[in-house]
Amino acid sequence: MAAMAEGAGEPELVSIPVTPRGLSTPEGMSTPPVRRGGAATSGAGTPVRRVVEGLRGYLEEVGHLTRLNPQDAWLPITESRSGNASYAAFHSLNAGLGFQALLLPLAFPALGWSWGIISLTVAYFWQLYTLSILVKLHEAVPGRRYNRYVELAQAAFGEKLGVWLALFPTIYLSAGTATALILVGGETMKLFYQIVCGPLCTPSPISTVEWYLVFTSLAVILSQLPNLNSIAGLSLIGGATAIMYCTMSWVLSVSQQRPAAVSYEQVRSTSFGSSLFSTLNALGIIAFAFRGHNLSLEIQATMPSTFKHPAHVPMWRGAKAAYLLIAMCIFPVAIGGYWAYGNMMPPGGILTALYIFHGHDISRGLLAATFLLVVFNCLSSFQIYSMPVFDSFEAFYTGRTNRPCSVWVRSGFRIFYGFISLFIGIALPFLSSLAGLLGGLTLPVTFAYPCFMWICIKKPERFSYSWYVNWGLALLGTAFSLASSVGGVWSIINTGMKLKFFKPN
């Protein structure tokens, strides 16, 4: 509070700052005038009442008593706080819908029609519930915004345990997905080239590795956009292209004549163990199709938040719109793809089946457009999944130097990351064989950790409805994660794994 002027005579007009402790009054905002030793010159009510009203108005307009970290203003996730519900929808759609959705029909041969649809429906609403938990926990503690998944895990589980539990899964979901996008994007670019060029380009003059390099170069160029809000347009393109190629893949599949040998008989294994692990693998395919929870807090961190307009309102509005569109894509892809190809679905998913069974029945232009949409989606998804890694690089740099990254340093980090991801994809092609094992370790990020976090931070009353629901889902998600990891190990033992270096398919 400003010091009162000393002396007698007329009361002196002074300003009483109503800014919360630790925050400065924004430029252009006045503080309520009060006269020392007398009433204020204008307005009704006592000086104390006007101070209280001014404080309330300031808090409603400016916001939470958040402890500010100057470093946040230098990092790509929190550098810009101008996000809104539309941006949240774009980012959530881009992060939540991708090439994994094209694999969903592969889950139905082991599960059958009924259990396949039931499992997909349960998984959809389960992950939607855990997403709502993350949105609410972003500002669960007064004075703190948890801008990153690992930060929330540390608040819930403790500094060390939170890092141990959340750091590897979130890094794998970001960096591992980026590497997978390079491989999928490069191979799809090659297919697009072959379709457009036709017989004249057989064999292709450009190798698969060179297509990986072309894709990575394009991704690195796009990655020079500075922060998460700046890629909102790319996320819109990524989400729109994902909707289009998902829709085209199932519409084209069901509109063509089904293969003569198509069958919907549930696959029966010769032993109980084989049957169990086939079922777990099918459930894993469904679970892996739901992604993006590792990015939800980061997306919400790009929004301004005040007492009057908290960030969770536009975030949840945007997320609901995005996941409604996601549901309109994944259910037709899974059901329509299985109806069109049954147990003949190839390992590559519905798009590969479309190319194999109907490549000569559908116009080359339509097929080429579908593959081109996949390429655009992969380029856009690479940006949002790489942003947490960029943020970590810059956090380390700014923490050591106590200054923001220059344009050249930021650019260097992103070029290094893009090409090291390319190198890993080329040098260690057998990592795809570990997808079941590593993917199982990441499932708690979506299906278990949010429920445990809610219990640790919100502390619902024991034996209440919320207590039972969150404990039940958390334990079930953990058990499913362990079972999926065991299934991944069994798959490696059963099918073998060839350690080929620098020999991508």
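Helices here are DSSP runs of H or I with at least four residues, strands are runs of E with at least two, and both are numbered from the N terminus. The model is predicted, so local features need pLDDT of at least 70 and side-chain atom pairs count only at pLDDT 80 or more, while totals for chains, interfaces and linings use all residues. Residues are numbered from 1 along each chain as its sequence is written, and side-chain values use heavy atoms, with hydrogens and water left out.

Is Ile285 buried or exposed? Ile285 has a relative accessible area of 17%, and therefore counts as buried. Buried means under 20% relative accessible area, exposed means over 50%, and partly exposed is in between (1.4 Å probe, protein chains only). Leaving out residues up to four places away in sequence, Ile285 touches Leu103, Leu104, Leu106 and Ala107. A contact of this kind means heavy atoms within 4.5 Å. The C-alpha atoms of Ile285 and Gln100 are 8.2 Å apart, although 185 residues separate the two along the chain.

**The whole chain**

Now let us step back. The chain has 16 helices and two strands. Of its 505 residues, 48% count as buried. Among contacts between residues at least 6 apart in sequence, 80% join residues at least 24 apart. The chain exposes about 23900 Å², and carbon and sulfur atoms supply 66% of that area. Accessible areas come from the Shrake-Rupley method with a 1.4 Å probe, and for residues only the protein chains shown count as cover.

**The nonpolar cores**

In soluble globular proteins, nonpolar side chains tend to be buried together. A nonpolar core is a set of buried Ala, Val, Leu, Ile, Met, Phe, Trp, Tyr and Cys residues joined through side-chain atoms within 4.5 Å. Which residues of the largest nonpolar core touch the most other members? They are Leu97 and Ile330, in a core of 82 residues. Setting aside neighbours within four places in sequence, Leu97 is in contact with Ala242, Ile243, Cys246, Arg291, Ile326, Cys329, Ile330 and Asn377. A second, separate core has 23 residues, including Ile133, Val150, Ala166 and Phe452.

After α4 comes Gly158, which has a positive phi near 105°.

How do α9 and α12 run relative to each other, parallel or perpendicular? The axes of α9 (residues 293-300) and α12 (residues 364-401) come within 11 Å and cross at roughly 75°. The two helices are therefore roughly perpendicular to each other. Axes are lines fitted to C-alpha atoms, for helices over the stretch in contact, and angles run from 0 to 180 degrees between N-to-C directions. Angles under 35 degrees count as roughly parallel, over 145 as roughly antiparallel, 65 to 115 as roughly perpendicular and the rest as oblique. On the α9 side the contact is made by Asn294, Leu295 and Ile299, and on the α12 side by Ile384, Tyr385 and Pro388. By class, this contact has five nonpolar, one polar and no charged residues. Here Ala, Val, Leu, Ile, Met, Phe, Trp, Tyr, Cys and Pro count as nonpolar, Asp, Glu, Lys and Arg as charged, and the others, Gly among them, as polar.

**Some single residues**

The table gives the accessibility of a few residues.

| Residue | Relative accessibility | Class |
|---|---|---|
| Ala301 | 0% | buried |
| His358 | 3% | buried |
| Ser466 | 25% | partly exposed |
| Asn402 | 61% | exposed |

Ala301 is in the loop between α9 and α10. Leaving aside neighbours within four places in sequence, Ala301 is in contact with Ile77, Thr78, Arg81, His138, Arg145 and Asn147.

His358 belongs to helix α11, residues 350-358. Ser466 is in helix α16, and touches Trp454 and Pro460, not counting residues up to four places away in sequence.

Asn402 lies in the loop between α12 and α13. Its phi is near 60°, a positive value in a residue other than glycine. Phe463 also has a positive phi, near 65°, and is found in the loop between α15 and α16.
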